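The sequence and structure are shown first.

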Amino acid sequence: MVRIQALLADKGFYGGPVDGYQRGEMRHAIVAFCKAADLDRVPTLTPGDMEVLSAWEAQVPEVPDQPNRVEVDLERQVLHLVEKGRVVATLPVSSGSGRRYFSSIPGFGWAWAFTPRGILPMKDCPAP
């Protein structure tokens, strides 16, 4: 388990402690890797998956004028945090399916599960 945690941490999928303990964030890291690598989205890794992880290099478009950004791959359902043009973290995401649904928020009613596409420059993002 320590080897898996260390590899996932080195490749930017896991930010928790590398101590051999299975935690929820570990399962999320494995699923994020499986999504990014187009593998079956399961919270376990096979020996073949470990080979893919060992050789993993995240691929995002080069954007020289935006070296620090967030890239969301809607097809694979992952978010890449890019610093100085290099992917430093990859997280699983879930985007809207485009389908109509009934909201669980009281008084909201029917809505569409929609994820907008586009680019928002970092300078326009609100500070935390």
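## Contact between helices 1 and 2

Ile4, Gln5 and Leu8 of helix 1 are in contact (heavy atoms within 4.5 Å) with Met26, Ala29, Ile30 and Phe33 of helix 2. By class, this contact comprises six nonpolar residues, one polar residue and no charged residues; Ala, Val, Leu, Ile, Met, Phe, Trp, Tyr, Cys and Pro count as nonpolar, Asp, Glu, Lys and Arg as charged, and the others, Gly among them, as polar.

## Basis of the values

The model is predicted: local features need pLDDT of at least 70 and side-chain atom pairs pLDDT 80 or more, while totals for chains, interfaces and linings use all residues. Residues are numbered from 1 along each chain as its sequence is written, and side-chain values use heavy atoms, without hydrogens and water.

Helices (H or I, at least four residues) and strands (E, at least two) are DSSP runs, numbered from the N terminus.

## Helix geometry

Helix 1 (residues 2-10) and helix 2 (residues 24-36) pack at about 60 degrees, their axes being 11 Å apart. Helix 1 is therefore oblique to helix 2; angles under 35 degrees count as roughly parallel, over 145 as roughly antiparallel, 65 to 115 as roughly perpendicular and the rest as oblique. Axes are lines fitted to C-alpha atoms, for helices over the stretch in contact, and angles run from 0 to 180 degrees between N-to-C directions.

An open sheet is formed by three strands in the order 1-2-3, with antiparallel pairing; a pair requires at least two DSSP bridges between two strands. Strand 1 (69-73) and strand 3 (86-92) are the edge strands. Five bridges link strand 1 to strand 2 (residues 78-83), and valine 70 has leucine 81 in strand 2 as its bridge partner. Helix 2 packs on the sheet, touching strand 2 and strand 3, and its direction makes about 110 degrees with that of strand 3.
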